[in-house]
Amino acid sequence: MVLALAKEIALRKSEFQDDAVETIYFGGGTPSILQIADIRLLIDEVYRNYKVVDNPEITLEANPDDLIANVLSSRAQSRDFYEEYRSIGINRLSIGIQSFFEDDLKLMNRAHNSEEAKSCLEIASQYFDNISIDLIYGIPNMSNEKWLHNIETALSFNIPHISSYALTVEPKTALHTFIQKGIIPQLDDEVAQEHFNLLVDKLEENGFIHYELSNFGKENYFSKNNSSYWLGKKYIGIGPSAHSYNGISRSWNVSNNTLYLKSIQENQLPLETETLTKTDRYNEYVMTGLRTIWGISLNRIETEFGKTYLDYLNQQAAKYIEDHLLFVDDNILRTTKSGKFLSDGIASDLFMLN
């Protein structure tokens, strides 16, 4: 698989020949199971085939249990292990903590425990300045006090970036079964909104900027990778199920590993492509813009999409402005503090229907 990923990187270099790579992101939750030599090979392949900016952001997503296991199984001490990550260019870690409480982690069927969550942060923060963690709110039976304790625990490690999401229940999961059987109560949107508001207040008190609906970063610690999506920049996704975007069309690789490997071996890109209509591009800009501090530029709407789209947007936004959920400042449409949690729902009402 690693060799196939490297080959896809090379096969797609023509798509980015006029651009420079600003970020490299190893995602999907489990790239931390890779050997350091495998990650180095993939980073080297990017440098070999693409123009890369000086000091790009290179992020590794990691699970706490993988990081702890890697340190324990390493021939070297933890210091050498983390310095090896740094030596191959990784300068940012994104760690899937989710919660610092044992019962929450069991409920979400996470592989790590609360001690591993704390231990990996304690060690990693000694060697990496730029660390992001994920936290989940809206968990059944989670009190406000417990949620605040989660946030305060994260802050105690001086983490400069936090991504936080409301718990969602996927079909055919243990959590879904427990809720259906009444073992665990249904998710409560009001509780999730209360947790969200507590999160916003607590992190802003501690110097974090709420720059995207689910993302909080201290100054100079916004995720460059994720910001690229929200600002509509081009990106290439490598590997099974990975998505790519070039400003005009969106493509996605086949999800089946066997089919992916077979296609790459035959020098074929295993992807499907969808060309976005003007309405698609408008709707995507509305969705991403409204989730961020950069908002929706009304000038850009008129210039890029035309007066019909601008008039429609102003008409649809009027009721939310009246209800103090949206506001316009310097010709930028943004959510108010009370409108942030509702931004996805508001955005869907601003969409232009084909």
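User: Is aspartate 330 buried or exposed in this model, and how do I read that?

Analyst: Good place to start. Bear in mind that this is a predicted model. The label comes from relative accessible area, and over 50% counts as exposed. Aspartate 330 has a relative accessible area of 69%, so it is exposed. You will find aspartate 330 in the loop between E12 and E13.

User: What is the phi of aspartate 330?

Analyst: The general idea first: most residues other than glycine have a negative phi. Here, aspartate 330 has a positive phi, near 55°, and it is a residue other than glycine. The setting is the hairpin of E12 and E13, where two residues sit between the strands.

User: Which other residue has a positive phi although it is not a glycine?

Analyst: One is glutamine 98, with a phi of about 75°. Glutamine 98 belongs to strand E3, residues 92-98. Its relative accessibility is 9%, so glutamine 98 counts as buried, whereas aspartate 330 is exposed.

User: How many bridges join E11 to E13, and how many join E12 to E13?

Analyst: Two bridges join E11 to E13, the strand of residues 332-335. Isoleucine 296 is opposite leucine 333, and serine 297 has isoleucine 332 as its bridge partner. Between E12 and E13 there are four bridges, again in the antiparallel sense. To find your way along that pair, look for leucine 326, which stands opposite threonine 335.

User: And which way do side chains point in a strand?

Analyst: In a regular strand the side chains alternate between the two faces of the sheet. With 14% relative accessibility, serine 249 counts as buried. Leaving aside residues up to four places away in sequence, serine 249 touches Ser244, Thr273, Glu274, Thr275 and Leu276.

User: Let's move to helices. At what angle do H1 and H2 pack?

Analyst: Two packed helices are described by the angle between their axes and the distance between the axes. For H1 (residues 2-11) and H2 (residues 36-49), the angle is about 10° and the axes are 9 Å apart. H1 and H2 are therefore roughly parallel to each other.

User: Which residues make the contact?

Analyst: From H1 come Val2, Leu3, Leu5, Ala6, Ile9 and Ala10, and from H2 come Asp38, Leu41, Leu42, Glu45, Val46 and Asn49. Sorted by class, the contact has nine nonpolar residues, one polar and two charged.

User: What span does helix H12 reach, and how many of its residues are buried?

Analyst: Compare the span with the expected value. H12 (residues 278-291) has 14 residues and reaches 20 Å from its first C-alpha to its last, close to the 20 Å expected at 1.5 Å a residue. Of those 14 residues, 10 are buried, so H12 is largely enclosed by the rest of the structure. The buried residues include Asp280, Tyr282, Tyr285, Val286, Leu290 and Arg291.

Technical notes: Residues numbered from 1 in each chain as written. Predicted model: local features only at pLDDT ≥ 70, side-chain atom pairs only at ≥ 80, totals over all residues. Heavy atoms only, no water. Pairing = 2+ DSSP bridges. Axes fitted to C-alpha atoms, helices over the stretch in contact; angles between N-to-C directions. Parallel < 35°, antiparallel > 145°, perpendicular 65-115°, else oblique. Contact = heavy atoms within 4.5 Å. Nonpolar A, V, L, I, M, F, W, Y, C, P; charged D, E, K, R; others polar. Expected span 1.5 Å × (residues − 1). Buried < 20%, exposed > 50% of the residue type's maximum accessible area, 1.4 Å probe, protein only.
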